[in-house]
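Colleague: I'd like to learn how to read the inside of a model like this one. Can we go through it together, feature by feature?

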Amino acid sequence: MSAKTQVRPGLLSLVLGLIHLALSTFGSADSGSFNFRLNFEPSTLDWTYGDTPILVTLNTMRGLFRVDESGSVIADLVQSYKKSPDEKTWNFKLRPEIKWSDGVTLTAQQIVDGIERLRSPQTGSTYSHFVSGIDKISAPSGLEVEIRLKRKIPFLPSLLSHWVTYPVRNDIIAKYKDYGTAPSHMAFLGPYKVDSWNNGEIALAVNPYNLDPPLIKNIKAIVVTEDETAFNLYQSGKLDFVTDPGISAKSHPDYRVRKTPILYFIAVTKNHPITQNVKALQALSLALNRYEISKVHSVEHRITFDICPPDFCKHRFSVNDIQAKELLQSSGIGDLAQLPPLTLYYFENSSMRDLAQWVQSQWKSKLGVQVVLESTDVKSYWAKMSKKPSPLFLNSKGASYQDPHTYFELFESTNPQNVGKWNDATYDRLIQAASQEVSSEKRDELYARATTRAVWENPALIPLYFKGGPYLIRPNIDGFKSNPLTGIDFRPLKWRTH
């Protein structure tokens, strides 16, 4: 290379830095839009059904309470509230100045309508069990809500922070058959409203009646199912915030990791000789060296044998040093070759595929158990599992609200989200007692016993890890904060102008 074409190291670093800065601000700050990744295409925006794009719902709707960045449950639509001495009657007074995005004033009856719609069999929401403890809800006046409980629920404000309990507009729902899929036929209470939903993009615009206007006027959620594709779109400047950007993103200067309360586990359905055998299931769990997950899985994680994360529960479950193969041999399961195929089902994406293949190889090499892998897209996954669940299937459970009970209720026999239909009367009694217990120490003892029951004595699941939350975000975005449930308030976000 001649002297005229040589590039000094310092100059090269400066050039690369300028390139990175250009990509960091590409098409976003100038346009005033903030683009973030959605990992899947939602089927509805109707929050009563629960399975909506969470960040969209949290920023376009509001409930009686919300969870702030510290994890505290604070009043949102509520101005004040009180409860009776026996804690079975709660009265809430609403803020009088709240309006929907079409200018209609919020009323207590709309809060009542939201809860009644959630628990109605005609709605068919798989989250209806959230309000199963409510005996009666009424609106004594235009701004007052009264809730009478069947039993004590000390964490009721936490429960009422979840979006399925948000108010609804029955006048709009009755008028439009495409409510939930056509944003123009919906109304919203949050700082944003959904402006459009087309071709894998959900565009948010400022709600003109919101009293706390956001700093960024336009938000766009873009569906990108593959992690590496999302990372490439971030590098090209088309996305400004990306969750789960894939292993290639770890070396990027914008790469960050936040703790999340999301449990990944293998759920059990009692429809195969191996999954009907307690010792065989224990052997499957012990054969998985969770420390090896990091070798094959790009997702940041904390390994576990528990149901509840350490941020929510004090107890920790552990087992004695038992040899998995010896345990399987003593199970009486017989000749493995004579058994029907054992299927592990998962929803298709690169992370879940890597995890499923690792589980398959571990069980084959350590136990001689042959596992067939099956997968489908996330939309079809739960529809298929609800009709005929696989003997084993990968599942995840995040914290729906800020209380340990959010994890344990998943395996309650009456919970419609208990897809594997696991049923254990002892477990049900333990978690029902825990849900009413005021003492945090006694609650933790009850949940510890429930954990032992569900992961060892009569396994409903094989816990694997609590997922970390890797993400990428533009360095010139200020105001980004996540609460412990991974919720993000878009209102304080702003582009740095210098």
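Colleague: How do the residues of the lining of the largest cavity divide into nonpolar, polar and charged?
Modeller: For the classes, Ala, Val, Leu, Ile, Met, Phe, Trp, Tyr, Cys and Pro count as nonpolar, Asp, Glu, Lys and Arg as charged, and the others, Gly among them, as polar. Here the lining of the largest cavity has nine nonpolar, four polar and no charged residues. Mind that this is a predicted model: local features need pLDDT of at least 70, side-chain atom pairs count only at pLDDT 80 or more, and totals for chains, interfaces and linings use all residues. Residues are numbered from 1 along each chain as its sequence is written, and side-chain values use heavy atoms, with hydrogens and water left out.

Colleague: What counts as a cavity?
Modeller: Rolling a probe the size of a water molecule over the atoms shows where empty space is left. On a 1 Å grid over the protein atoms alone, a cavity is a set of points where a 1.4 Å probe fits but cannot get out, while a pocket is an open set with protein on both sides within 12 Å along at least five of seven lines; lining residues have an atom within 4 Å of a point. Grid points are joined across faces, edges and corners, and a volume is the space filled by probe spheres set on the points. That gives four cavities of 30 Å³ or more, and the largest cavity has a volume of about 80 Å³. Of the 13 residues lining the largest cavity, Ala 267, Phe 411, Asn 418, Val 419 and Gly 420 are the closest to its centre. Strand S12 (255-268) and strand S16 (392-397) each give two or more residues to that lining, and S12 has the largest share, with three. Strands (E, at least two residues) and helices (H or I, at least four) are DSSP runs, numbered from the N terminus.

Colleague: And the second largest pocket, which residues lie nearest its centre?
Modeller: His 129, Ser 132, Arg 151, His 405 and Glu 412, out of 17 lining residues. About 270 Å³ of space lies in this pocket, and its lining has five nonpolar, eight polar and four charged residues.

Colleague: Which residues touch the most other members of the largest nonpolar core?
Modeller: Such a core is a set of buried Ala, Val, Leu, Ile, Met, Phe, Trp, Tyr and Cys residues joined through side-chain atoms within 4.5 Å. Buried is under 20% relative accessible area, exposed over 50%, partly exposed in between (1.4 Å probe, protein chains only). In the largest core, with 69 residues, the answer is Ile 266, Trp 363 and Phe 408. Helix H10 (residues 350-367) gives the most to this core, seven residues. A second, separate core of 65 residues includes Ile 111, Ile 115, Val 131 and Val 168.

Colleague: How many aromatic pairs does a search find?
Modeller: Rings of Phe, Tyr and Trp (its six-membered ring) pair if their centres lie within 6.5 Å; planes under 30 degrees apart count as stacked, over 60 as edge-to-face and the rest as tilted. The whole structure has 21 aromatic pairs. Tyr 345 and Tyr 381 are stacked, 4.9 Å centre to centre with 10° between the planes. Both of these tyrosines are buried.
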